[in-house]
Amino acid sequence: MVVYWEYAFAENFILDGVLLYLALKCAKTKIYKIRMAAAAAVGAAEAIVFPLLSVPAWSAYLIKALGGILLCVIAVHGKKLKPYLITSAAFFFFTFALGGLLTAAYSFFGATRTDGGYLIGQAPVGLVIGGLLLFAVAVVKLSQSYLRYRKVRQNLLACTLTAGGREVKWQGYADSGNCLEFRGKPVCVVSVAAVFALFGRNLKESGRIRINTVNGAKESPVFECEKMKIFTGEQTVEKSGVYLTVGDVGKSCQLILNTALMEA
């Protein structure tokens, strides 16, 4: 078998570079392209030299682990220990995850064994790079979805609303950018079902408000809630005579709070 070291170097350079990039993004640390490229080059060189070494199995795993840590140390810049730890943990996690993905893909090309951790088979380079790109895109998309979900959860506050002898406990979304006003007072947004749950069928409109949405402007009825309590975790904000209007609140909460209430 003939191995072209420059092709092996280039392939491993790309693999390590993308994995390091994802790991650095997880650590939320500044990415220095030169340091990341240097780390990827060291990893690519290690991948070429390592199969030439004759070492016991236990030391082989130790060398690989220390080599991965070395790449992260080179890629990260700073004096704090936390970015190094997070980057190293993320790098190993992504390495094993990608390895599992490529192992499954290699199985279709007759790869049945490993030699020093490297798969032997007829898998084309295009499959490796393609799998890497798909893996990177999937990681980025999943990370974005998780961050959006965490942001929503962090801004959900427990609220208690009282009107006409009824009391409901809802989740209110705080960081909404809702600046609606009615008669100079802030207006919160609830769903149609929430209006009936709080006021029953004896609804009494206080007026109507014009709301601009992505689908255009519309008028919506406004109702007055006798009392609202917002539990922020550190304190309880209590308001009387809070206005509510009907709108789309999504599925994660029942109430979109007005920013003025939170600023107060």
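Author: A helix is a DSSP run of H or I with at least four residues, numbered from the N terminus. The model discussed here is predicted. Leu 66 is found in helix H3, which covers residues 57-75. The protein chain has seven helices and 10 strands.

Reader: What makes Trp 58, Leu 62, Leu 66, Ile 69 and Val 73 a nonpolar surface patch?

Author: Nonpolar side chains are joined within 5 Å, provided that each residue has over 30% relative accessible area and no salt bridge. Trp 58, Leu 62, Leu 66, Ile 69 and Val 73 make such a patch, of about 500 Å².

Reader: Why is the pair Arg 208 and Glu 205 called a salt bridge?

Author: The criterion is a side-chain nitrogen of Lys or Arg within 4 Å of a carboxyl oxygen of Asp or Glu. The closest N and O atoms of Arg 208 and Glu 205 are 3.5 Å apart, so the pair qualifies. In general, side chains of opposite charge can pair when their charged atoms come close.

Reader: Why are Arg 208 and Glu 205 called partly exposed?

Author: The class lies between the limits of 20% and 50% relative accessible area. Arg 208 has 44% and Glu 205 has 42%, so both belong to that class.

Reader: What is the N to O distance in the salt bridge of Arg 208 and Glu 219?

Author: That distance is 3.6 Å, so this pair also meets the limit of 4 Å. Arg 208 lies in strand S7 (residues 207-213) and Glu 219 in strand S8 (residues 216-231), so the pair ties together parts that are 11 residues apart in sequence. Through shared partners, salt bridges join Glu 205, Arg 208 and Glu 219 into one network. The structure holds two salt bridges.

Reader: Why are Cys 159 and Cys 188 called buried?

Author: Buried means under 20% relative accessible area. Cys 159 has 1% and Cys 188 has 0%, so both are buried. Of the 264 residues of the protein chain, 36% count as buried.

Key: Residues numbered from 1 in each chain as written. Predicted model: local features only at pLDDT ≥ 70, side-chain atom pairs only at ≥ 80, totals over all residues. Heavy atoms only, no water. Buried < 20%, exposed > 50% of the residue type's maximum accessible area, 1.4 Å probe, protein only. Helix = DSSP H or I, 4+ residues; strand = E, 2+ residues; numbered from the N terminus. Patch = residues over 30% accessible without salt bridge, like charges linked within 9 Å, V, L, I, M, F, W, Y side chains within 5 Å. Areas by Shrake-Rupley, 256 points an atom, 1.4 Å probe, with all protein chains shown as cover.
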